[in-house]
2 protein chains.
Amino acid sequence: MVNLETARVSLTSSQENYLKTICMEVSQNGYAKMSDIADLLSVKKSSVNAALNVLADKNLINYKPYSQITLTPLGFKKAKEIIKRFEVMYNFFCEILKLSREEAVANSCRMEHAMSEELFRRIDKFCEFTKEVYGNDPNYRKRLDELLS
Amino acid sequence: MVNLETARVSLTSSQENYLKTICMEVSQNGYAKMSDIADLLSVKKSSVNAALNVLADKNLINYKPYSQITLTPLGFKKAKEIIKRFEVMYNFFCEILKLSREEAVANSCRMEHAMSEELFRRIDKFCEFTKEVYGNDPNYRKRLDELLS
DNA sequence: ATACTATGTTAGTCGAAGCTAATAGTTAAT
DNA sequence: ATTAACTATTAGCTTCGACTAACATAGTAT
């Protein structure tokens with residue numbers, strides 16, 4: 001017998017983006033609504049509607065016609081994973097590679113869906129490590145900045 | 001008037017993968033053929049056929065029914081760009097993050113399509129820089145390896 | 001209470017990229 | 001020269017994720 005609550009749900013990158021956006025809206029406002037999601041993702045409401053039906057089928061969101069959208073526990077867990085991945089990449093791009101915020105966001109949003117767990121873990125560790133090196137070697141950041149510019 | 005030869009051609013990631021594969025086949029054998037491309041990309045010949053028609057329309061390959069497939073000058077230029085991007089990522093994953101070859105290949109293949117030019121340039125520079133640091137600081141690699149393991 | 005505006009839903013279409021099954025062309029072997 | 005085996009092409013279908021246009025519901029203001 002399959003445990004539906006914890007069964008592996010696999011998401012397309014489009015679905016991950018919807019889930020991420022919903023999670024961010026929910027944590028800001030307590031709930032999400034279609035038109036905001038549509039605006040944030042620059043798609044039409046009808047596209048959002050279709051995506052929400054898929055996410056609801058996968059037990060990730062609570063979605064009843066004409067009412068507020070919230071996350072299920074499973075959806076919240078998934079969303080946090082996606083957001084964590086985004087943050088690791090964003091952090092790497094901004095803090096170490098000194099990419100502009102906008103470019104860091106754009107790249108993270110696209111890349112977060114294409115990375116293996118292990119890669120992801122290593123980038124996280126590598127960022128930690130690099131910051132530690134800054135502390136011990138005052139020349140490091142200076143030389144890196146020169147090279148990147 | 002638009003110069004057709006150098007007009008911006010925008011490719012989907014699927015198309016980039018086809019072009020990359022064709023380029024590698026051409027440099028190995030002098031030409032590419034459908035069934036090899038199909039095997040390398042794990043898709044059916046009919047799917048390759050459809051993709052080749054698109055690439056030919058975009059002036060990237062020479063493709064006549066029942067004959068050998070080669071690259072146009074524009075296609076070769078594009079393919080080299082894609083391969084360069086792949087190599088930069090692969091290098092970063094293998095040399096610095098010490099990912100296994102297989103995982104490095106899989107991740108590079110997926111990520112190369114999602115990166116901005118600038119990000120790409122910075123990762124390249126960053127790899128250079130990091131190798132330089134190894135040379136000057138014998139502890140660096142040791143500490144990094146400990147952390148990543 | 002009606003009507004206006006917001007917002008949400010549904011139906012139907014499109015393009016991308018895959019698939020299968022059937023057909024056609026090419027090459028090599030007897 | 002025919003046939004077998006390989007290779008390439010076409011037709012037609014599927015899914016995904018967008019779109020438009022039309023319609024339905026809810027909330028607000030008069």
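This is a predicted model: local features need pLDDT of at least 70, side-chain atom pairs count only at pLDDT 80 or more; totals for chains, interfaces and linings use all residues.
A few ground rules before going on. Local features need pLDDT of at least 70 and side-chain atom pairs count only at pLDDT 80 or more, while totals for chains, interfaces and linings use all residues. Residues are numbered from 1 along each chain as its sequence is written, and chains are lettered from A and ligands numbered from 1 in the order in which they are written.

Now look at where the two chains meet. Chain A puts 20 residues into the contact and chain B puts in 21. On the chain A side, α5 (101-111), α6 (117-136) and α7 (138-148) each supply at least two residues, and α6(A) gives the most, with six. Helices here are DSSP runs of H or I, at least four residues, and strands are runs of E, at least two, numbered from the N terminus. By class, that side of chain A has 13 nonpolar, two polar and five charged residues. Nonpolar covers Ala, Val, Leu, Ile, Met, Phe, Trp, Tyr, Cys and Pro; charged covers Asp, Glu, Lys and Arg; the others, Gly among them, are polar.

Then there's DNA strand D, with 18 residues around it, of which Thr12(A), Ser46(A), Met34(B), Ser46(B) and Pro65(B) come nearest. To be near, a residue needs its C-beta atom, placed from the backbone, within 6 Å of the strand. In this surface, α3(A) gives the most, with four residues.

Key
Two residues are in contact if their C-beta atoms, placed from the backbone, lie within 7 Å.
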